[in-house]
Amino acid sequence: MKQQRRESSTRGYHRTGLDYFGIVMMFVLVACSLAIFARLMATKMLTTTNLIIAMVVLLVLNGLHIFVQLPLRRNKIGKLICGILAVLLSAGMIYGTVAADAVQSALNKISGVVVEKQVTAVIVMKEDEAEELGDTSGYTFGTLANRDLENTQKIVAAIKEGLGDIKTKEYETPEAMVDALYDDEVQAIILNEGYITLLAEQENYKDFSDRTKILYEHVIEQEITPIKPSGSITKTPFVIYCSGSDERQTDINAKTRSDVNILAVVNPKTRQILLINTPRDYYLPLARNGEMDKLTHAGMYGVQESMAVLDNLYGTETAYYGRINFWGLIDIVDALGGIDVYSDYAFTTTARDVKGYYMDKVSFNQGWNHMNGIEALTFSRERYAFSDGDNQRGKNQMKVIQAIIEKAASPSVLANYQDLLKAVSDNFITNMTYDEISSLVKMMQKDGFSWNIQTMSAKQGSGSSLQTCYSMPSQKLYVMPPDYNYINTIRQVITQVMNGEEISIPST
């Protein structure tokens, strides 16, 4: 009887265009639901609970549409409304699928990077007629006698393969080799490109890049093998080395000076992060040979060298690194819609472009300042406005990093997520794997995104501020002697974080 009543109630009905529209959109919604759920699973960014919630929501939505669209009904308004909703939901799911794919692609690009590039160049005078390496037949090449020997030997071997036997002449320092090029004692020099920026800081060689040109670059990729923690990244404390390069045109993977040197000591169980800034001019022994040099110069020998120098100083075992092109900070902050940073002082400084040319003056108030990208970079770079110089600059850099972390963890990032992903993927790399990053994201979904972030900065000790440095031995450079008493204080706070104790930073 019930079957007869159903047949009687639908007798005379027929499917119209609205019915077929609804059925088509029902299948479209099913397909989009499957696509976005598959993509969410592939990203590995959602916890099991959240995946189940997403699956239930999708099942309910699709079930309701099937319930409305499949049966024949006299009233078509419900089918029309459901069809329109299906269009909107499908569009949102397509957008979400694309967004999830973009996030996964960006993280795959920046994560798990375990190689560095060593770039060594063949350099001649600007007016030299040679336009490529093959034009240097008969030239005498200047090389360094006791610096960067391995890379020099490799590039000399590569040149010999193309030109046959070549003449070389050794020099003790980069300055002596450059002087020989200027005096036509040699017609070309072989130089690690990291030394170019060091030369530019010296009065007699500020115009080195303007007077010369690079004919050939020899790139060697070298593997980075830092210490890995023994436990889970979501349960075991770990240390990240945050390195920042101030050279916009440098490949983010290239070995270069590090102008920002921050250790982040992280305890995921207690949700505590200690950021430790070490001034770029800190005068420390290199881990590779024990020779004294500026901390910033350690980056020329690779990120592992910088990590090892800092580990020797603080007694840490750094597992991870993150490297940012600090000029890329402009793009990241702008993609975030600006950041709010607290300034300890009111000051006015001048923004500079990529080549160091002065631009507009920028003023900061004591207290909170909303900053765009160029303002954040200018704030991070300034040191001459402070009596504490490089120490205050390091503190300001940590304030900017902290503001970026806080803004990136807020829902507002969704508005410009594509710009943010591009900015990050172009200007940041880390050896932390995709799975480790996804584990941290899932942990924060369970426990919340809030962290207790504290900061400390190494201080200047007593001693001479002019010293000979291993990387540029021909003259004394400005350095900052460490305050080892305060270094011991920092070590104690590191121990607190690693042991899960509440951070207690002594007043100074």
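Is I84 buried, partly exposed or exposed? I84 is partly exposed because its relative accessible area is 43%, where buried means under 20%, exposed over 50% and partly exposed in between (1.4 Å probe, protein chains only). The model is predicted: local features need pLDDT of at least 70, side-chain atom pairs count only at pLDDT 80 or more, and totals for chains, interfaces and linings use all residues. Residues are numbered from 1 along each chain as its sequence is written, and side-chain values use heavy atoms, without hydrogens and water.

**View A. Nonpolar surface patch around helix α4.** I84 lies in helix α4 (helices, H or I, of at least four residues and strands, E, of at least two are DSSP runs numbered from the N terminus). L18, F21, I77, I81, I84, L85, V87 and L88 form the patch, with about 680 Å² of accessible area together (Shrake-Rupley method, 1.4 Å probe; for residues, only the protein chains shown count as cover). Two or more residues come from each of α2 (17-43) and α4 (77-110), and α4 gives the largest share, six residues.

**View B. Open sheet of five strands.** The strand order is β3-β2-β4-β1-β5, with mixed pairing (two strands pair if DSSP finds at least two bridges between them). The edge strands, β3 (167-171) and β5 (212-223), each pair on one side only. The twist averages 25 degrees from one strand to the next.

**View C. Pairing of β1 with β5.** Strand β1 (residues 115-125) pairs with β5 in the antiparallel sense over 11 bridges. M125 has T212 in β5 as its bridge partner.

Definitions and conventions. Patch = residues over 30% accessible without salt bridge, like charges linked within 9 Å, V, L, I, M, F, W, Y side chains within 5 Å. Salt bridge = Lys/Arg side-chain N within 4 Å of Asp/Glu carboxyl O. Axes fitted to C-alpha atoms, helices over the stretch in contact; angles between N-to-C directions.
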